[in-house]
Amino acid sequence: MKRISVYTLWISLALILTQCVSSQPTTSTSKTSSTARTAANNGLDNGCPLDKMAWLVVSKEYNETELAKLAGQLSDAARSDAQQLNQMIAQGNASPLELSSSLKSMVEGISQSKTQVNDEFYKEYVNNRMAICSILDALRKGSMKKDESAKATESAFRKVAESFDDLSQSLKDKAARKAAGN
């Protein structure tokens, strides 16, 4: 139940932020580029960390242990970005779009191949994607006050990390129950 209320909060925040922008049509901020990863294309000014979704293949054949590990890695990357943003705030840099995102770099790397996931993992990824991308879109459009932008972005990355931590633990528990049942 707690997870549903967090999702509701995230979606509400995303809807509020998108309503704050002007009524002009929304344009995509993701850029197409070569598949080579470079530090230059891992910045938040160059798209959302969770933009890529084609690598996620919902399947009945997946490995809970591997998905738990992947969710943990996504959480660690989001937490790293939150820590970097926190340092930027402490140093007085209020431009979160300048961050070279660990989460974006990780997703860029893993999106080079397909990964079989369950419905729960896919939904978690989509919910986090909606929330973080909405905040970054609001930053790009200037609908968020500059002095609040770094703190809001840092908070969003922390929530993404917590969300993937919860998912990782849930998947570990399922894997343990399955192993105990065999």
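Throughout this tour, a contact means heavy atoms within 4.5 Å, while helices (H or I, at least four residues) and strands (E, at least two) are DSSP runs, numbered from the N terminus. What you have open is a predicted model, in which local features need pLDDT of at least 70 and side-chain atom pairs count only at pLDDT 80 or more, whereas totals for chains, interfaces and linings use all residues. Residues are numbered from 1 along each chain as its sequence is written, and side-chain values use heavy atoms, with hydrogens and water left out.

**The whole chain**

Of the contacts in the chain with a separation of 6 or more, 87% join residues 24 or more positions apart. Of the 182 residues in the chain, 41% are buried, where buried means under 20% relative accessible area, exposed means over 50%, and partly exposed lies in between (1.4 Å probe, protein chains only).

Two packed helices are described by the angle between their axes and the distance between the axes. The axes are lines fitted to C-alpha atoms, for helices over the stretch in contact, and the angles run from 0 to 180 degrees between N-to-C directions.

Select residues 64-90, which form helix α2, together with residues 102-110, which form helix α3. Their axes are 7 Å apart, and the two helices pack at an angle of about 150°. They are therefore roughly antiparallel to each other, a term used for angles over 145 degrees, while those under 35 count as roughly parallel, 65 to 115 as roughly perpendicular and the rest as oblique. Now show the side chains where they meet: L70, Q73, L74, A77, A78, S80, D81 and Q84 in α2 are in contact with S102, L103, M106, V107 and I110 in α3.

**The disulfide**

Which two residues form a disulfide? Select C48 and C133, whose sulfur atoms are 1.9 Å apart; a disulfide is a pair of cysteine sulfur atoms within 2.5 Å. C48 lies in the loop between α1 (2-20) and β1 (56-58) and C133 in helix α4 (residues 119-141), so the pair ties together parts that are 85 residues apart in sequence. Both ends are buried, C48 with a relative accessible area of 4% and C133 with one of 15%.

Next select G47, which is found in the loop between α1 and β1 and is buried at 1% relative accessibility. Then move to N128 in helix α4, which is buried with a relative accessible area of 2%. Not counting residues up to four places away in sequence, N128 touches L50, K159, V160, S163 and F164.

**Strand β2**

Is Q116 buried or partly exposed? Select this residue in strand β2 (residues 115-117), and you have a partly exposed position at 43% relative accessibility. Leaving aside neighbours within four places in sequence, Q116 is in contact with V57, S59, E61, Y62 and L67.
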